[in-house]
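Biologist: I'd like to go through this model with you and ask where each label comes from. Can you show it to me?

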Amino acid sequence: MSQPILNVKNLKKVFGTGCGICLKNDYFETNDNICSSCGSIIGCTGINFEVYPGEILGIVGESGSGKSTVLNIINYNIEADSGEINFSGYKNGLFNILNLSSQEKRKMQNVHYGIVYQNPHLGLNFNISSEGNAAERLLMAGSRNFSSIQDKVHDYFGKVELPVNRYKDFPKFFSGGMQQRVQIAKALVSGPSLLLLDEPTGGLDVSVQAKILDLIRSISRELKVAMILVSHDMQVIRLLCKRIIVMKHGRIIEAGLTDRVIDDPLESYTQTLVHSALQ
Amino acid sequence: MKLHLEVKNLTKIFKMHILNGKEITAFKNISFDLNRGKFIGISGKSGYGKSSLIKCIYRNYKPTSGTVNLYDENGIKIDLTSISDYEMLGIRNNRIGYVSQFLQILPRVTAMNIITEPLIDKGWKYDTAADRAVKLLKLFDIPKNLWDAFPSTFSGGEKQRINLLRTIIDCPEMVIFDEPTASLDGKNRKIIMEIIKEMKKQGITMIGIFHDRKELEELSDEIFQLVRSDGFSDEADVPEFARSSEEMINFKL
């Protein structure tokens, strides 16, 4: 039995001023994500989960349920109000990595994590070449040798099947599916142990979506990178994930094996979600 | 250790929140023991909770109450209803196989890759895994030109054979069958039945639901029938595992 690579405990984020009630650790009891006394928005609260090496953990939920907030907290894009994250690659998971210095947080982002956003504008610089985008990440991670950087970048561009003659093109001239592939290559090039995928196939047509999903699946199998996949598409989740978390109003309402959650949803919202999916 | 699986007071009640909290009882208070290397058949009319019962054992459904204990050869038990999801995945990968009526098809993955996946996940080299797969594919009578085709394009019988093959390729100690021969023609049924008999000879413990009574009797060491107890109380329609009741038919074969 292997140890979890990422252990998230009691994560909480309140957007707004917050008050004594909603900032308390055991704040859980309401049916929406707005604090009844101060009106702050609860981004997420009471989030606990583990990610094990090599697995893909799915997070599903409706828009505004806090899926991306959780992912952004892990990637340090948003600062959490409270909680603890232990990462096995940092001091054997004994240290709360939310309390790192900004320098070390940057290192975590560039070396240990990779992230793929739904919107490629967030993950790529559209005004430098695709190669440059991926190379930038390696430079940030500490590589300095030009030819080894280029080899590595080309290696990963090959893995995501980007056409060789387009390596030097700007991502702004690419189709959505190609931009997504550049993002995935960029995320993987520094050899991260955790890949964060925020709706990686949102807005793509089905054939391109299929290619991206196959790519994610083969990466997970070949490179054994652990992943957290945020999606609201149950079919995508069913295809890729063995375990999932269901979120609503910033809280985890159900967690379990994917087939269990889909075949025997226990919570009211999960039942609505499963029965809403087009078969 | 003879005892392999011990099911105690298993109950499953579906609570349908989207139907104003309507509750549907699938089955109640079911207990039975399964010894190593034996085959237990479960029969009962459609809708009496046969599939729900075995799905609760495999954690496809979450039982409302009760325990399912899995014993290893040294008698160390694991309660399948209380272990974590990750541990359950480990049990599914290493110890218990499940063959349903339908193949959960992964799109755009070839038959060969689908079959070898469980082995490669365990660290086998592709070549050795493929060797084993080829042996089984021949045994299962799957035409060679289909090996690197997508199972989504296969016929029902071929799909079902791939399904079974994928489950048994890494020799699980226990296999759960949910009508593996339903919707198959005579020839395919026969092939599947032969394979299951061979598995039994090799000492794999099995639980099975078969629509065909003859098939069930052919395979089972013991058959349990799920019945609904008659009466006029609210519990009228609740199927029980009527082991001790008069309605229970326990075929010792």
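Modeller: Here we talk through some labels and the values behind them, and keep in mind that this is a predicted model.

Biologist: Now pairs. How do you know that A:Glu55 and A:Arg243 form a salt bridge?

Modeller: Their closest N and O atoms are 2.7 Å apart, and the cut-off is within 4 Å, so the pair passes. A:Glu55 is in the loop between strand 2 (41-51) and strand 3 (56-61) of chain A, while A:Arg243 is in strand 8 of chain A, so the bridge ties together parts that are 188 residues apart in sequence.

Biologist: Why are those two called buried?

Modeller: A:Glu55 has a relative accessible area of 9% and A:Arg243 has 10%. Buried means under 20%, so both qualify.

Biologist: What makes strand 8 and strand 9 of chain A a pair?

Modeller: Six bridges join strand 8 (residues 243-248) to strand 9, and the two run antiparallel. Pairing takes at least two bridges, so six is enough. In this pairing A:Ile245 stands opposite A:Ala255. The two strands form a hairpin with two residues between them, and A:His249 in the turn has a positive phi of about 50°.

Biologist: Why is strand 9 of chain A described as mostly covered?

Modeller: Five of its seven residues, 251-257, are buried.

Biologist: Let's look between the chains. How do you know that B:Glu117 and A:Arg221 form a salt bridge?

Modeller: Their closest N and O atoms are 3.6 Å apart. The limit is 4 Å, so this pair counts too.

Biologist: And what makes the bridge from A:Arg217 to B:Glu117 one that joins two chains?

Modeller: A:Arg217 lies in helix 7 of chain A and B:Glu117 in helix 3 (residues 111-121) of chain B, so the pair joins two chains. The closest N and O atoms here are 2.7 Å apart, and both residues are buried.

Biologist: Which other pair crosses between the chains?

Modeller: One goes from B:Lys12 in strand 1 of chain B to A:Asp264 in the loop between helix 9 and helix 10 of chain A. Again the closest N and O atoms are 2.7 Å apart.

Biologist: What makes some of these bridges a network?

Modeller: They share partners: A:Arg217, A:Arg221, B:Glu117, B:Asp121 and B:Arg166 are joined that way. Across the whole interface of chain A and chain B there are six salt bridges, and the two chains bury about 2200 Å² between them.

Conventions. Residues are numbered from 1 along each chain as its sequence is written. Chains are lettered from A and ligands numbered from 1 in the order in which they are written. This is a predicted model: local features need pLDDT of at least 70, side-chain atom pairs count only at pLDDT 80 or more; totals for chains, interfaces and linings use all residues. Side-chain values use heavy atoms; hydrogens and water are left out. Buried means under 20% relative accessible area, exposed over 50%, partly exposed in between (1.4 Å probe, protein chains only). Helices (H or I, at least four residues) and strands (E, at least two) are DSSP runs, numbered from the N terminus. Buried area is the accessible area (1.4 Å probe) that two parts lose on being put together, summed over both. A salt bridge is a side-chain nitrogen of Lys or Arg within 4 Å of a carboxyl oxygen of Asp or Glu.
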